[in-house]
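This report covers cavities, strand pairing and selected residue contacts. Please keep the sequence and the coordinates open while reading.

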Amino acid sequence: MACLSQINQFRCKAPSVTPLASNLILKPSISLPCMVEFSGQSIRKPYNSPRPVLCVRAVTDDDEWGPDNKKEGNGEGEGSAVGVAVAEEEKVPEALETDRLKKALVDSFYGTDRGLKATSETRAEIVELITQLEARNPNPAPTDALQLLNGKWILAYTSFAGLFPLLSRGTLPLVKVEEISQTIDSQNFTVQNSVQFAGPLATTSVSTNAKFEVRSPKRVQIKFDEGIIGTPQLTDSLVIPENVEFLGQKIDLTPFKGILNSVENAASNVARTISSQPPLKIPISNSNAQSWLLTTYLDEELRISRGDGGSVFVLIKEGSYLLASLST
């Protein structure tokens with residue numbers, strides 16, 4: 001009995017087991033009789049202590065005496081590592097959910113022509129996704145993270161009706177809007193808004209230069225200085241589509257291809273003459289040529305801004321993988 005009591009004072013180290021079994025505790029009971037027989041007489045046991053129990057605890061190799069012996073609150077041992085692991089596990093789903101929302105938002109732009117052709121149902125879906133992303137904004141004070149604003153941002157979607165006439169291809173036969181972008185230089189506090197057009201012979205752009213001032217952690221005030229009509233850049237050859245859409249109707253250009261091809265050389269000479277000229281700059285002196293912009297979501301590749309009248313702009317950083325999703 002004395003030997004059994006001494007054994008019970010110590011935990012027994014069992015062979016290493018898998019993590020699933022690391023918390024398994026085996027408690028085989030050792031029963032002692034209440035009466036013993038000595039010299040033909042029954043004698044009651046001379047002790048009233050509880051039945052001793054031999055505890056066998058399975059532990060892992062790096063935990064010699066089990067979890068009860070770990071130090072708590074001192075940042076040492078496996079307990080601290082577990083805390084870090086839990087924290088990391090909490091961060092990973094958050095980041096994955098944000099990425100999922102961004103991908104879903106970009107996918108919802110498909111077929112909308114930057115918002116021009118979006119249906120009311122699609123707009124409602126886009127608004128919901130934007131609201132969820134704004135609630136997860138990793139930079140709640142974007143003007144304090146101006147380095148993230150630096151660079152060229154491509155417009156993926158807008159609800160600003162002022163851009164719809166420009167986006168409408170029906171008013172621009174043989175010409176389409178290739179790209180609408182905004183380039184920000186946070187060191188010089190400048191913004192350039194640019195629209196790139198593509199035609200059969202050349203591409204050109206129309207831009208506006210502006211200065212911005214920080215007015216709050218999310219808001220900047222923009223004042224436009226000048227407009228720029230870019231120098232046309234020649235394409236390799238005249239590309240004539242099979243048909244064009246004009247005023248809501250499709251016009252077949254097949255009968256006109258011979259005529260158009262005959263004037264290609266003359267048009268190319270004119271385009272070369274124009275392309276040798278410098279960009280045309282038009283000063284903007286109107287004191288009312290200004291607006292403000294509120295950035296409600298900002299990370300390394302996506303920016304959501306709201307402008308005058310509650311209009312929304314979703315822009316993607318040049319070089320982001322999200323642009324590939326936008327083009328598919």
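## The largest cavity

What volume does the largest cavity have? The volume is about 110 Å³. The structure holds 3 cavities of 30 Å³ or more. The model is predicted, so local features need pLDDT of at least 70 and side-chain atom pairs count only at pLDDT 80 or more, while totals for chains, interfaces and linings use all residues. Residues are numbered from 1 along each chain as its sequence is written, and side-chain values use heavy atoms, with hydrogens and water left out.

A cavity is a set of points, on a 1 Å grid over the protein atoms alone, where a 1.4 Å probe fits but cannot get out; lining residues have an atom within 4 Å of a point. Grid points are joined across faces, edges and corners, and a volume is the space filled by probe spheres set on the points.

## What lines it

The largest cavity is lined by 13 residues. Closest to its centre are Leu-149, Ile-184, Val-220, Leu-293 and Arg-303. Strands (E, at least two residues) and helices (H or I, at least four) are DSSP runs, numbered from the N terminus.

By residue class, the lining divides into 8 nonpolar, 3 polar and 2 charged. Here Ala, Val, Leu, Ile, Met, Phe, Trp, Tyr, Cys and Pro count as nonpolar, Asp, Glu, Lys and Arg as charged, and the others, Gly among them, as polar.

## Gln-182 in strand S7

Gln-182 lies in strand S7. Is Gln-182 buried or exposed? Gln-182 counts as buried because its relative accessible area is 10%; the cut-offs are under 20% for buried and over 50% for exposed, with partly exposed in between (1.4 Å probe, protein chains only).

Its side chain makes a polar contact with the side chain of Asn-193 at 2.9 Å. Another polar contact, of 2.6 Å, joins the side chains of Gln-182 and Arg-303. Such a contact is a pair of N or O atoms within 3.5 Å; within protein, one must be able to donate a hydrogen and the other to accept it, and residues adjacent in sequence count only if both atoms are side-chain atoms. Not counting residues up to four places away in sequence, Gln-182 touches several others, including Trp-153, Val-191, Leu-293 and Leu-315. Contact means heavy atoms within 4.5 Å.

## Partners of S10

S10 pairs in the antiparallel sense with strand S9 (residues 202–214) over 9 bridges. Two strands pair if DSSP finds at least two bridges between them. A hairpin of 4 residues joins S9 to S10. Lys-211 stands opposite Lys-223 in S10.

S10 also pairs with S15, antiparallel, over 5 bridges. There, Arg-219 has Leu-294 of S15 as its bridge partner. Strand S14 (residues 280–283) pairs with S10 in the antiparallel sense over 4 bridges. Gly-227 has Ile-282 of S14 as its bridge partner.

## Asn-209 in strand S9

Asn-209 is placed in strand S9. The C-alpha atoms of Asn-209 and Asp-225 are separated by 5.7 Å, although the residues are 16 apart along the chain. Which side chain makes a polar contact with that of Asn-209? The partner is Gln-192, at 2.9 Å. Beyond four places in sequence, Asn-209 also touches Val-191, Phe-224, Glu-226 and Ile-228, among others.

Definitions and conventions
On a 1 Å grid over the protein atoms alone, a cavity is a set of points where a 1.4 Å probe fits but cannot get out, and a pocket is an open set with protein on both sides within 12 Å along at least five of seven lines; lining residues have an atom within 4 Å of a point.
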